[in-house]
Amino acid sequence: MDAHVLHHPRKENFWTKWVFSQDHKMISRQYLNTAVIMAVIAMMMSTFFRLQLAWPGQSFPILETFLGKWAKGGILDPNMYLGLVTIHGTIMVFFVLTGGLSGTFSNLLIPLQVGARDMASPFLNMLSVWFFFASTAIMMVSLFVEAGPASAGWTIYPPLSALDKAMPGSGLGMDLWIISMAIFIVSALLGGLNYVITVLNLRTKGMSMTRLPLTVWAFLVTAILGILSFPVLFAAALLLLFDRHFGTSFYLSDIFIGGAPLNQTGGSPILFQHLFWFLGHPEVYIVILPALGITSEIIATNARKPIFGYKAMILSILIIGFLSFVVWGHHMFVTGMNPFLGSVFTFTTLLVAIPSAVKVFNYLATLWRGNLRFTPAMLFAIGLVSSFITGGLTGLILGDSALDINVHDTYFVVAHFHIVMGMSAIFGMFAGVYHWFPKLYGRMMNNSMGYIHFWGTVVSVYGVFFPMHFLGLAGVPRRYYANTAYPLFDDFISLNEWITFFAILGAIFQGVFLFNYFYSMFRGRKAEQNPWKGNTLEWTTPVEPLHGNWPGAIPEVHRWPYDYSKPGKTDDFVPQTIPLTRDEKEGH
Amino acid sequence: MNAFLILLVLFFGLSVIWQIIRIFELTSILQDKVILSELPSEQTNNFNGTLLFIGTFFYLGAFVYLFFTYRDKLLPPSASEHGFSIDALFGTTIVIISIVFFLTHILLAFFVYKYYGKHGRKAYFYHDNSRLEFFWTLIPTVVLSGLILYGLIIWDRVMNPSDSNAMHIEIYAKQFQWYARYPGADSAIGIAGYQHIAGTNALGLDTNDRKGWDDVITGDLHLPVNRPVLLTFRSQDVIHSAYLPHFRMQMNCVPGMTTRFQFTPQTTTTEMRLKENNPDFDFILLCNKICGAAHYNMKMPVVVEEESLFKKWIDSQAPFMAGRSSQVKNQSAELNVLPTAPVN
C-alpha cells in the first residue's frame, strides 16, 4: 500500500464510523471516553472508603444509596471495603492509566506525529479497543455478583484469591476479575504490537528515529514493555484460575481452611508474586512513561524552547525501560525471599533514580530562560514534574530493603505510588487532554475552567497523599477498614479526617473537568489548525479530522521537532515540515 | 434518587459557572482586552507563574509543618538493637531526600516565576550541554552508590545476625488470630503440620513428636529483654504478615513455607512507658498483609520484660500436652490418613 496517497475508503455508515471504526482517532476517543467513565467510578469508590476511614462506623446514607446491601444503615461492610479498595486499584491502574493513557494518546499521536495515514493494522486496533471495552464491562458486572467483587487487593495474592472459603470476594467475583484481566491483556497486546510496528515502519519520509517527538519515543518504549511483561501476568492469572477450579496447586500448599485440610499441596504462593510483579513493576513504567513523554512535548511547546538534552531524554527512557525488568523483587523484600536476592533488587532499584534524576534536571533546564505560556496543559505538566520529584524521592526509602522492612505495606507505600504514578500519570493525562483536545474533537476546551480544575486538583491531591507519608512512617498499615483498635494510631484521627476532606474536594473539582470536557466536545470554540503554535506533524492536519489524516500527500519532515525560538527565524516556532535553509544547521 | 438530584444540581451549578466565565470573556473581548485566542495573555501567565511560586513555597512550608508536628511519630520509638541502625540509615536518607526535594522545588518555583511568558520576548535557544548532562548524571550516581552501599551493609547485618544461640519462638497465623509457641524445657519446638490440625490443636502439632509435648502456646507474645530471639513464621490458610513496628521487624507468614527473622529487643514495656511518658503504652504485633474481612483487627499484644519476669510468666503457662486425653491422639491419628502430603 502506498502510504503517500490518500485512499478513499468505501462510504462509512453509522456503525463503521462511530462504533466499529478503524480510524485511529476515533479509537483514541473511544479509549478516552471509556477511561473517563471508569475513572469517575473508581474515584467515587475512593471517596466512599475514605468516608469510612475518616469516621469509622458512622452512618452515611449516601453509601446505602450506592452500595445497597453492602452498606446497611449507611455503614460500609468490611468485605465491601476491601472490594472497593481492590476494584478502585484495578480500574485506576489498568483501565485508566494503562488503557486510558496509552490507549488514548498512543492511538491519537503515533500516526499523527510520525506521519502515517493510520496504524499498521487498523483492524487489530479496532479489536483492541473492543476487547478493552469488554474487559471493563466484565469488571463492572463483577460488582453486582451476590458475594461481591474481587476483594483480595489489586495484587490478588493467592491463597486469599485462590480459595473461595478465604473470603466472600474470592468466589465468582474473582473469576470475573481474572477473565476481565485476561481480555484486557489481549487488548493491551494488540494495541502494543500496533504501536511498535507503526513507529518502526510507517514513519514518513525524513522522520528518522532521532527526529521523533519524545512522546512517540515514550509510547514506543511503553509498548515494548507491555508486550514483554503482560503475557507473564496472563500466565499467572491463568494458573490462578486452574488452582481455583481444576485442582492444580501452582500456588497452594499446606493449607487448612474451612475446617478441613486442603488437598492441593506442593505449590508456592511466592511464585505468584514473582510472576505478578514481573508484570507489575514494568506496569508502573507503562503508566508513567507516556505521561513523561506528553510532559516533554508540552513543556517544550509552551516554554517556546527546545527540550533540553533530547538524546539524554531518549537514553533515560530506554534505561528506565530496561531497569524496570530487573527490579520486581523490591515488592517482596519481606516475603521470606533469600536476603541476598533482596540485596540485588535493592541495588537495581536504586539505580532507577539516576535516569529519573536526569529527566528531572532536563525538565528544569528546559524551563530555564524559557518564555513560559501557562496553558492548563502546561500547568498540569509542571505539576507532574513536582509530583514526579516528590514521589520518586520516597522510592529511595521503599527501594532500600533495610528501610522497607518497617514501611512495607503501610500508608507510606500508598502515598509513594499514588504520588509518583497515580498523580503524575493522571496529570500527564489531563495535560494531554487539554493540549490535544483540538485534535480529538476539533474544538477548544475552556481555559478558565481549566485553571480552576488545575488549582483545585493540585491542592486536593497533595492534601490527600502528602499526609499519608506520616501515617505510614508511624506504622499505619494499608487496607485496614479501621484503626480504632490501635491506641498507637489515635494521634492520626484528625489527619485522616483532613485526608477525606481533600479527597471529597478533589472529587468535586473533577466535576469541573468533566463538565468542561463534555460541554466543549459539542459547544467548545472551534479550534484553529495550530492553536499552540507547535512544530509536530499533527498540527499540519485539517481541523476537521479526516480518515487518512492528510487530504493530500503526507508531509515530508526536514528537521527535529524542537526548533522553538531558533535564532534568525521570525516566528518562535519552525514546524518539522519546513526545509532547512541553506546554511542552517539542524537543531541538535 | 437523591444521588440523581445531587448530580443534577451539580450539573446546573457548573453550567452557571460556565456561563459566568463566558460573560467575563465576552465583556473583556468587547473592551478589546483579549485577542480571541486560546493562548494565555501576559497577565494570565504572570498570575499563574506567581501562584505557582507562592504555591510551591506553601507546599514546602506544609512539609516542614507536618514534619515538626509529627516529629515524635516519625517512625515509632525503636525498641530493638538493629532498629537503631535502621533509624540511622533512615535519617541519612531523609536528609538527602529533603535536600533534593527542596532544591529542585525552589528551582522550579523560581523558573516558573521568573520566565513567565511575555509578549515580544524570545526564549533562549539552548538545548544541549554534555558537560552539564555528565555532571548531573555523576552526582546522583555518586550519592546513590553511597546510599546503596550503606543500605546493603545494614540489610546484611539485620538479616544475617551473628548470634546463633537465640531463643526460638514460633509465630503462627490464621484468619484472624495470632499464636506464639515457645519451646518449653527442652529448648526445641516440636514438629507441626497442617494435616495434624484438629479441634483444640489449632497449630497442628504432631502428637507423636515428644519434643512438642512441653511446647507452650499462647495468645500474646512475651519477650525477655536483651536476649536474641529467633522468630519463625507459619500460616494456616492465607498469607499474613507479622509486623512489629517498634522493633523494625516485619515478615510474611506464608502457607507452605517457614520464614524467619532474628532480633534482640532492648527496651522493656515498663521502660518504654516511662520513656514515652504514657502509662498505657503497649507494644503490638499487627497483621500487615490483606487476609480477609477482619484483617484490620488481627493483632497480638507484645510484652518485653526482664528475664526473671519472663521466666515467671512462661512457667505459669500450661504445656501443650497437659490435660490432653488419649482421645486427642486418636483423632489426630485418624486425620493423618487423610492427606498424603509429607510433614514439614
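Where does Pro159(A) lie? The loop between helix 5 (122-142) and helix 6 (172-201) of chain A holds Pro159(A); point 4 returns to this residue.

1. Basis. This is a predicted model, in which local features need pLDDT of at least 70 and side-chain atom pairs count only at pLDDT 80 or more, while totals for chains, interfaces and linings use all residues. Residues are numbered from 1 along each chain as its sequence is written, chains are lettered from A in the order in which they are written, and side-chain values use heavy atoms, with hydrogens and water left out.

2. Interface. Chain B has 110 residues in contact with 137 residues of chain A (contact means heavy atoms within 4.5 Å). The area buried between the two chains is about 11000 Å², with 71% from carbon and sulfur atoms; buried area is the accessible area (1.4 Å probe) that two parts lose on being put together, summed over both. Trp18(B), Glu38(B) and Trp155(B) supply 8% of what chain B buries against chain A, more than any other three residues.

3. The rule finds 1 salt bridge across the interface of chain B and chain A, a salt bridge being a side-chain nitrogen of Lys or Arg within 4 Å of a carboxyl oxygen of Asp or Glu. Asp409(A) forms a salt bridge with Lys289(B), and their closest N and O atoms are 2.6 Å apart.

4. Backbone. The peptide bond from Pro158(A) to Pro159(A) is cis, with omega near 5 degrees. Another cis peptide bond joins Gln175(B) and Phe176(B), where omega is about -10 degrees. Phe176(B) sits in the loop between strand 1 (167-174) and strand 2 (177-182) of chain B. Arg304(A), which is not a glycine, has a positive phi of about 50 degrees and is found in the loop between helix 8 (269-303) and helix 9 (310-323) of chain A. Helices (H or I, at least four residues) and strands (E, at least two) are DSSP runs, numbered from the N terminus.

5. Cavities. On a 1 Å grid over the protein atoms alone, a cavity is a set of points where a 1.4 Å probe fits but cannot get out, and lining residues have an atom within 4 Å of a point. A volume is the space filled by probe spheres set on the points, which are joined across faces, edges and corners. The whole structure has 9 cavities of 30 Å³ or more, and the largest cavity has a volume of about 1100 Å³. Of its 49 lining residues, the closest to the centre are Ser46(A), His88(A), Met92(A), His418(A) and Phe465(A). Helix 14 of chain A gives the largest share of this lining, 12 residues.

How values were computed
On a 1 Å grid over the protein atoms alone, a cavity is a set of points where a 1.4 Å probe fits but cannot get out, and a pocket is an open set with protein on both sides within 12 Å along at least five of seven lines; lining residues have an atom within 4 Å of a point.
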